[in-house]
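Subject: Structure for your set-up

Hello,

Here is the structure for you to work with.

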Amino acid sequence: MRIGLGYDVHKLVEDRSLILGGVTIPHKYGLLGHSDADVLVHAIMDSILGAASLGDIGTHFPDNNLIYKDISSLSLLKKVYDLILKKGFCIGNIDATIIAEAPKLSPYIDEMRINISSILGIDINQINIKATTEEGLGFTGSREGISSQSICLLISNT
């Protein structure tokens, strides 16, 4: 068994879609990034890569490569999943937290779990997603950005 931790943050800006867990969420602001800037999926990818000792998403999907411009993070998650399968791992479980002052995310969490579990070929009960605020503190509390954290347990198939 191996454990990996992931973290990601993106700035909130106008004229961008807010995509979390592959779900487009109605909001005045979206996240700025080279890809679709899905902080939840980015944190999950980094936790998976970390558990497998495969570096981070910047190593595999550099933001100066135009191939990844505006790409869906779910597409990148599939590539990460293929990498761990080749190394002989399967996912035990993932626990992730989204930190955002707004919008309210609870109505979208089940859809996020469905999207991610289907890409990773795992049961929906192997992924937990929570959302919290920082009660007005820090950059997320002042609504400058959204961050996410994830931890992943990988199990060796060998």
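Predicted model: local features only at pLDDT ≥ 70, side-chain atom pairs only at ≥ 80, totals over all residues.

Strand β1 covers residues 2–13. It is joined by ten bridges to strand β7, residues 145–156, and the two run antiparallel. Within that pairing, R2 has L154 of β7 as its bridge partner. β1 also pairs with strand β4, residues 30–31, again in the antiparallel sense, over two bridges. There, L12 is partnered with L31 of β4.

I3 sits in β1 and counts as exposed because its relative accessible area is 60%, where the cut-off for exposed is over 50%. Together with L5 and I151, I3 makes a nonpolar surface patch of about 320 Å².

Helix α4 is made of twelve residues, 109–120. From its first C-alpha to its last it reaches 16 Å, close to the 16 Å expected at 1.5 Å a residue. Its buried residues are I109, M112, R113, N115, I116, S117 and L120. In an α-helix there are 3.6 residues a turn, so residues three or four places apart point the same way. After α4 comes G121, with a positive phi near 60 degrees.

Regards

Definitions and conventions. Residues numbered from 1 in each chain as written. Heavy atoms only, no water. Patch = residues over 30% accessible without salt bridge, like charges linked within 9 Å, V, L, I, M, F, W, Y side chains within 5 Å. Areas by Shrake-Rupley, 256 points an atom, 1.4 Å probe, with all protein chains shown as cover. Salt bridge = Lys/Arg side-chain N within 4 Å of Asp/Glu carboxyl O. Helix = DSSP H or I, 4+ residues; strand = E, 2+ residues; numbered from the N terminus. Buried < 20%, exposed > 50% of the residue type's maximum accessible area, 1.4 Å probe, protein only. Pairing = 2+ DSSP bridges. Expected span 1.5 Å × (residues − 1).
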